[in-house]
Every structure is written in C-alpha cells, then in structure tokens.
Amino acid sequence: MQLSEQELRRRHEREELEKMGINPYPSETFDVTATAKEIKENFDKEKNNYQEVTLAGRLMSRRIMGKASFAELMDSTGRIQIYVSRDDIAPGEDKEMYNTVFKKMLDIGDFIGVKGYAFITQVGEISVHVTELTVLTKSLRPLPIVKREVDENGVEHVYDAFSDPELRYRQRYVDLIVNPHVRETFKKRTQLVSTMRNFLSEKGYLEVETPILQPIHGGAAARPFKTHHNTLDMTLYLRIANELYLKRLIVGGFDGVFEFAKDFRNEGMSRFHNPEFTVMELYVTYKDYNWMMELVEEMVEKVALALHGKTEVQVGENLINFARPWKRYTMYEAIEHFTKIDISNMEEPELRQAAQQLGIHVDPTMGKAKIIDEIFGETAEPYLIQPTFITDYPVEMSPLAKKHRSKPGLVERFEAICNGKEICNAFSELNDPVDQRARFEEQLELAKRGDVEAMALDEDFLRALEYGMPPTAGLGVGIDRLSMIMTNSNSIQDVLFFPQMKPEKKDE
C-alpha cells in the first residue's frame, strides 16, 4: 500500500505515543457529561453553570500560541472552541502532555477527551477551558480541510469543499465528518420514518416483519436478484415487494399490518433509482382506496409538519404544499389534460399509434398496460409538481388490484405523484382468488412475450386467498423518494447512507 507523506507521519506519531506510554486507542470508558450544542445553547455567565464538564470529539482546528492554544472540538452535535494551557494540562514539571503530545503528536481528525469549565472569551465566544486532556483515537488519514469564512455582510463562503458526488457517496464517513448538513439530512430521514411509524401504531396497526429471501418473487412487476440456498438446493430471490406476505397475515386474522422493508430490484440506476430501497407497506381490513387516499394525505401532512413545522416544503425551485386535500385525476384524465388525446377506449394497436404520434418509443414486448404506462410517464407524470392522486388505472396495469366497482376495464388503484415522481401506490386489494389466478396467468403470457418484469404465479398465495381475505386497502410508500422531497435532495443517493456504486478503481 502506497502511503502519502502525511499518512507516514501520522503512523510515526502513533508509534511515538506508544513509546511515551500513551495508548492511542484506549479501552476505558470516557464519561461525557455535556455536548458542544448543549453548552453553547445553555451556558450563562451569570449562573456560572457548566463549571465541571467532560466532552469528547474530533480535533478540527488548532491555533498554537506558545504556552496556550485555541482549538476546535467537534462532537455529534456540532463544534465548540476549547482553550488549552500548558500549565493546566501539564501542572507538574513534566510538560510533555502539552509540548509534545498536544503540539506535535495530535492532528486534525484525532479524537480527544477534555475536562474543564465553560467561559466566554474576550471576543465573546463560548469556549471550554481545558484542565485535563486525553488521547482517545489517533487518525491515520488526513481529513479534507473545508474552509469556511464569513464576510462583512454575514455571508458564509466555503472553500475546498468535499463536494465530488462519487467521493461523497463512496466515502460517506468522510462526507458526514466534513459536511454537517449531510448529517441533518439523515436525521430528518429518521424523523420521517419515526413520524410514520408512530402515526400508524397509534391507529392500532401492527408492525411486522416478512421474509427477504423468497422462493417466488411476487407483489410487483420487476426483475429480481437471484441466489441459491446450498442446504435446500433451491433458487431463492431477494424480495421485490413484501405485499403477498402481508396479505397472508390479513388472511390470518390481523386487521391492520405494516412493515418498513428493504426491497431489491435488479434494474437500472439513476438519481431516482437504487437497486436496494426502502418501502413502507400497509394493509387495513374493511377499507378501500378512497379511505386510503385520506390516510395518505393525513400521514404525509403530519410528516411535513414534524420535519418543517409547516405544510410547505421547498424542493428545488418548487414550493410544494402538502396541506389537505390534494388534487385528483383519473389516469386517463391526466393523460388527456396534458396531451389533449383521449386514450380511454383505445386497444393496443391504437395505443401504439398514439404513442408514436407523441414521440414515445414502444417495443413489441409491451402489452396494453406497458404502453399506457409509458404514455403517462412521458406526458403527464413529470408535470405533476404539487401532491396529486392519479386514480383508476387500466386493469392490465394492476394484477393485484380489485376491479373498479363502476368503471369496466379499470381497477381501484391510485398513485400519489409529487415533484414529478411517484411517492406511493395503493389499491382496493383484489381478494377474489379466481380473478387473481386469471390475472397471474395473463402475466405469464406477457412473460412469454419477453416481458422480464412480468409477475410470477404464486400458488401458495392463491391458496391463502381461497381461505378468504376480507375487503382490504393496501398501500406502499417509497421512503427514499419521500425523503428526497422532504429534505430537498436532488438525488436518491443523497438520502441513502451507502448507495450502490460501481467497483472502485484501484491504483496499480
């Protein structure tokens, strides 16, 4: 392994610390009693509080001035200035702790622990006067140094930013250290999930877990990842959806179940797609898709309020308002609204002509459903910026949804579209086992035509339906997509700690 001059120097410092009897990676508990944020927000000179504090974090800057120095310590809550005096941390005749360890053996990025008391400097900055210093971890690689300066107008300027997307996603640990706003994005994502989880739990629905390794990839139209179980000598698939297992639980007697699930689809990657993604699926008995639309409005509105304190969220150039009620179109209405073409009564040959007229490429493997989906995806979906429900899909597009109660050829399904992308999908769930078998068989015919995303036929799921599943409404919410919108992130990679990447190029 080729090491830089700085990396060699840090390794030498590590050895020198050990020679001095200082373990650069100690095992003992270091009890932290306060955080940087807590001290900066609550220190009161009149109350004289925080006079015995213990902090730990990374050393992020130093200004050495002879017998005393200022430095900056960063913990998980932020940064705080520390004042280090030679005679305080080395009170006896031996001054090595300051002269050698602090001044020569510590680097930016090292973890230290300090004990001391809070005070305000002459320029008015809340700081910690250090009385004791402990080396907690020696870092062997230098951090990117991001410089921040505030001009006379109070505007912050950033220099040498760690901003290259590939480096940021591949080395997320460095990204999180030097770009504090990235940590805030992921805190908001966690808050989003917690808000949804609490909302559903308070309604009495049960959070459950279902298999990730499945013998049949069902519940969605997608290409799966395939693996092999050696002991059972059988092919298994990483789940593309958890829908069919959750419905089995409804058959088993639960009134409402939900799961935050990792799903996997062996598909292309883009700023909206990652092969591993998170979805929340919910199934509630004796409800329909109209009821589910109202629940989605209420839940997403609560998420916006929890994260931002208001229903309006800035996403790029768009100010999106999640306040109820949301706009609604049927799928055919949406297409006609944006294209002035009514496709509601067209069969496959006419749909192909309409797609060609609109400049949309369709290939021979595509059936009626895929062509309609392509037309909608090209002509309508990108232009739906405010939260909008698209309802009443063609039956061919939705093998797991119940036929519409009053519109022949359609199903009771909706998708919520926001900022030009789908954020959730829901049905009045199909619970007729005879109809469901026929729909699966239609999918098999599409597979024979070359549709690699056609659904597989799941005999065990059909058997479960034959025992009787009550009327049920189902919902799937894309957590990554919703997180992108709620954190104003431009790419799905910005809301995944470790997005999938191409293999890293290694130096010879």
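My entries on these topics follow.

I worked on a predicted model, in which local features need pLDDT of at least 70 and side-chain atom pairs count only at pLDDT 80 or more, while totals for chains, interfaces and linings use all residues. Residues are numbered from 1 along each chain as its sequence is written, and side-chain values use heavy atoms, with hydrogens and water left out.

I looked up the second largest pocket and noted a volume of about 830 Å³. A pocket here is an open set of points on a 1 Å grid over the protein atoms alone, where a 1.4 Å probe fits, with protein on both sides within 12 Å along at least five of seven lines. The volume is the space filled by probe spheres set on the points, which are joined across faces, edges and corners. I found 24 lining residues (each with an atom within 4 Å of a point). Glu 7, Arg 141, Gln 171, Tyr 173 and Glu 504 lie nearest the centre of this pocket. Helix 5 (165-170) and helix 6 (172-178) are the elements that give two or more residues to the lining; helices are DSSP runs of H or I with at least four residues, and strands are runs of E with at least two, numbered from the N terminus.

I placed Phe 498 in the segment after helix 15 (479-486). Phe 498 counts as exposed because its relative accessibility is 63%, and exposed means over 50% (buried is under 20%, partly exposed in between; 1.4 Å probe, protein chains only).

I found Arg 271 in the loop between strand 12 (256-264) and strand 13 (276-285). Arg 271 is partly exposed, at 40% relative accessible area. Its C-alpha atom is 5.3 Å from that of Ile 492, 221 residues apart along the chain.
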